[in-house]
Each structure stands twice: as C-alpha cells, then as structure tokens.
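Welcome! Take a moment to look over the chain below, and then we will walk through it together.

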Amino acid sequence: MYKSGVCGYRGRRTSHYRTKGFLWMYIFKSVEFSKGTLSVGAYAFARCSSLKNVDMSGSQIYELGQFAFGECYSITDLKLSEYTKTLGDYCFQGCNRIKNIDIPDNLSSVGNCAFAGCELLEHLDFSERLIKLGDFCFIGCKIFSMLDC
C-alpha cells in the first residue's frame, strides 16, 4: 500500500506472518499490522534495511519470532502490541537506531540477544509479569541507562 509517496505495508487478512515472508525487502518504509494479526514468524521482516516505522499497536500480536525484525537498521519508531507476550531470540538484534520501546505489561519472555546491538537503546520498563530475560539480551547496547523490572 502506498501512502503519501512512501512505500508501506498494512497487514490485512492474515493472522500470522510467515517465516521469511518479507526477508530482504528493501522497499518497505513502514509496516502497520491490523487487529487480526496474531504473530510474526521467524525472519519475517529481517534485514528490511529501509524499514523505519513498525506499528503493532492496533494488532493482537502475541509473539514475535526469532530474528523477526533482526538487522532492520533503519527502524526508529517501534510500537508493540499490548498483547505481546513473547519476543523471540534476536528479535530486534542490530536495530541500532531504536532509542525507546514501550514494553507491554503482558510481556513475559524476552529471548536471547533480543536487543543485542541496539546501540542507542536508552530505556526499557518491564512489568512484574516478566519471567524470562534471555542471555546476552542487551549486549552491545552502549548508552543503555535504565532497566526497570
């Protein structure tokens, strides 16, 4: 879908984005997920180097698979769904322009290296529902100043 001359994608009529569905797609600048979306599979949007905005706030996404948005170097604006419970291993690894992420209260599991290499990440606020925080979750987060659990 095109909006204002910028190539974007609005998820419709699918509840699950499949593994490697949009891997290496350079044309996407933004992705907005619809209410019926429930999950994003492994590598679904990995290495989409032009992707800047990811909006899951209107969806019911409960799980982001391994490396789902890994190495999407241009993401600056990221909004998770309030339903998100699981972030897979390497989910946002290498997304080095993300500064802040509003973590949903339902989040209970963060995979290994989920935010590895997110160099500008400054603040994360986890709820008491967090059960698992994976190994090396924040390796390479240079300016990381605040982690509330």
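Which residue forms a salt bridge with Glu71? The partner is Arg47, and the closest N and O atoms of the two are 2.8 Å apart.

## Before we start

What you see is a predicted model, in which local features need pLDDT of at least 70 and side-chain atom pairs count only at pLDDT 80 or more, while totals for chains, interfaces and linings use all residues. Residues are numbered from 1 along each chain as its sequence is written, and side-chain values use heavy atoms, leaving out hydrogens and water.

## How confident is the model?

The predictor's confidence in each residue is called pLDDT and runs from 0 to 100. The protein chain averages 82, and 78% of the residues score at least 70. Confidence is highest in strand E9 (residues 86-87), at a mean of 98, and lowest in strand E1 (residues 2-3), at 31. Strands, labelled E, are DSSP runs of at least two residues, numbered from the N terminus.

Over residues 1-20 the pLDDT is below 50, although this stretch has 53 contacts in the model beyond near neighbours in sequence. A contact here means heavy atoms within 4.5 Å. Where pLDDT is low, the predicted coordinates should not be read in detail.

## Two salt bridges

A salt bridge needs a side-chain nitrogen of Lys or Arg within 4 Å of a carboxyl oxygen of Asp or Glu. By this rule there are two. The pair Glu71 and Arg47 links distant parts of the chain: Glu71 lies in the loop between strands E7 (63-64) and E8 (77-79), and Arg47 in the loop between strands E5 (39-40) and E6 (53-55), 24 residues apart.

Buried means under 20% relative accessible area, exposed over 50%, and partly exposed in between (1.4 Å probe, protein chains only). Glu71 is buried at 18%, whereas Arg47 is partly exposed at 25%. The other bridge joins Asp77 to Lys79, with the closest N and O atoms 3.8 Å apart. Asp77 is partly exposed at 30%, and Lys79 is partly exposed at 38%.

## Cysteines without a bond

How many disulfides (pairs of cysteine sulfur atoms within 2.5 Å) does a search of the whole structure find? The count is zero. For Cys48, the closest cysteine sulfur is in Cys72, 5.0 Å away, so the two are too far apart for a bond. Cys48 is buried at 0%, and Cys72 is buried at 0%.

## The nonpolar core

A nonpolar core is a set of buried Ala, Val, Leu, Ile, Met, Phe, Trp, Tyr and Cys residues joined through side-chain atoms within 4.5 Å. The largest one has 37 residues, and Leu64, Phe69, Phe92 and Phe115 have the most contacts inside it. Residues touched by Phe115 include Leu87, Phe92, Ile101 and Cys141.

How values were computed
Helices (H or I, at least four residues) and strands (E, at least two) are DSSP runs, numbered from the N terminus. A disulfide is a pair of cysteine sulfur atoms within 2.5 Å. Lists of a residue's contacts leave out its neighbours within four places in sequence.
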